[in-house]
Amino acid sequence: MTLNNFPYKDIIHRCFRCGYCKFPVNWTDVNNCPPYARFRMESYSCGGRLWLMRAWLNEQLEWSEHLAEILYACTTCKNCEIKCPLRFSGDIVNMVIASREAMVEKGTIPNKVKTFLENVELYGNPYGLSKSRRASYLYDSVERFKRHEYLLYIGCAGSYDDRAKKAVLALASILKKGGISFGILAEDEVCDGNEVRSLGEQGLFEMLTQQNIEVFKKNGVKDIITFSPHAYHVFKNHYPAFGGNFKVYHYTHILYQLLKQEKIKLKDSSGLKITYHDPCFLGRWNREYEIPRKIIEKMPNAAIIEMEKNRDASLCCGGGSGNYYIDLLGGSPDSPARRRIREAYELGANALITACPKCLIMLNNAVKEEELEGHIAVRDLSEIVLDAC
């Protein structure tokens, strides 16, 4: 692929680097783009990245590992699209993904990205772990899907990451308490493909999509509860184009209904000072800001405080687009996850709550790096709800 056959060749040059994408809505700093917050160099900003990609596609700039890492440092958090004052804002992330497709096509991708994609292709997950171990910790406590009302889709992080597993167990316990009929696919579950798509491997994404749809239909799945907003996003917004038309819910939608219907009730939560971190793929991508907050508000006597960067202006944790594994933004106090932890801690919160396994992983690690263990805890929303049941 060259600039001549690049699908966005007529608009990729239109960014004139006004800088709006770097700012949160209140204009207090210039650190709302995760890669720019980490590196503070124009090449890592939205505008700088697009111009670098145009130069590379136009053969004015030679490929290098560093150039590729600049492109793949983007977490596809959609902050730039929300902030862009130009009318082509809806295509910014698509331009990044299309540029990555060109690098995949040429076989010129960063080594960490290559490993991620190879692991997904060979093992069905980015960790390179056996398919037989997928969500194996749930086999004794959760039924295999068979004529249940809902499929609980666990995802790769929830299946293999130790921190995310704890949140999945909490969610499963709540669903049982609420009388929800659900089951899992266990080792038959396949990677949802959201990160594969955003990393530019369209062929592998389509293969995963078709595999998932086939498995869902074979098992008679009609309604899906996802643990991850990333799976929620891709099932809801991309699978229909491949014939995958299912009713998809993020787990927060189900928890809120259980609370409204009083199928679960929450006890006193005095002493909790909670602030909520908006996951990008639940918030900016799917406009769901209020349901998680309404759940927290139902916790009696919990103090709820908002971080300055919330909702549309939330600072991404840095884990999107595979970076929870690839980690091109870590290794510095300026990493977005560590910035986010400091923002929550300085606000006076003792619990930073999220509703995404990637955010949970990134922010939990950041607490350790900031040496704030015992001062602020990163919890999944399912975990604090279970504590209060």
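In what order do the four strands of the open sheet lie, and with what pairing? In this predicted model, the order is S2-S1-S3-S4, and the pairing is parallel. Strands of a sheet pair through backbone hydrogen bonds, either parallel or antiparallel. The edges of the sheet are taken by S2 (182-183) and S4 (247-250). Each of these has a single partner strand, so one side of each is left without a neighbour in the sheet.

Strand S3 (residues 223-226) runs parallel to S4, and the two are joined by four bridges. Within this pair, Ile-224 of the model faces Val-248 in S4, the two standing opposite each other. Helix H11 (residues 229-237) lies across S3 and S4 as well as strand S1 (150-153). Relative to S4, H11 runs at about 160°.

Turning to helix packing, two packed helices are described by the angle between their axes and the distance between the axes. For helix H8 (residues 162-177) and helix H17 (residues 381-388), the angle is about 50° and the axes are 8 Å apart. On the H8 side, the contact is made by Arg-163, Lys-166, Ala-167, Ala-170, Leu-171, Ser-173, Ile-174 and Lys-177, which meet Ser-382, Glu-383, Val-385 and Leu-386 in H17. By class, this contact of H8 with H17 comprises six nonpolar, two polar and four charged residues.

Notes: Residues are numbered from 1 along each chain as its sequence is written. This is a predicted model: local features need pLDDT of at least 70, side-chain atom pairs count only at pLDDT 80 or more; totals for chains, interfaces and linings use all residues. Side-chain values use heavy atoms; hydrogens and water are left out. Axes are lines fitted to C-alpha atoms, for helices over the stretch in contact, and angles run from 0 to 180 degrees between N-to-C directions. Contact means heavy atoms within 4.5 Å. Ala, Val, Leu, Ile, Met, Phe, Trp, Tyr, Cys and Pro count as nonpolar, Asp, Glu, Lys and Arg as charged, and the others, Gly among them, as polar. Two strands pair if DSSP finds at least two bridges between them.
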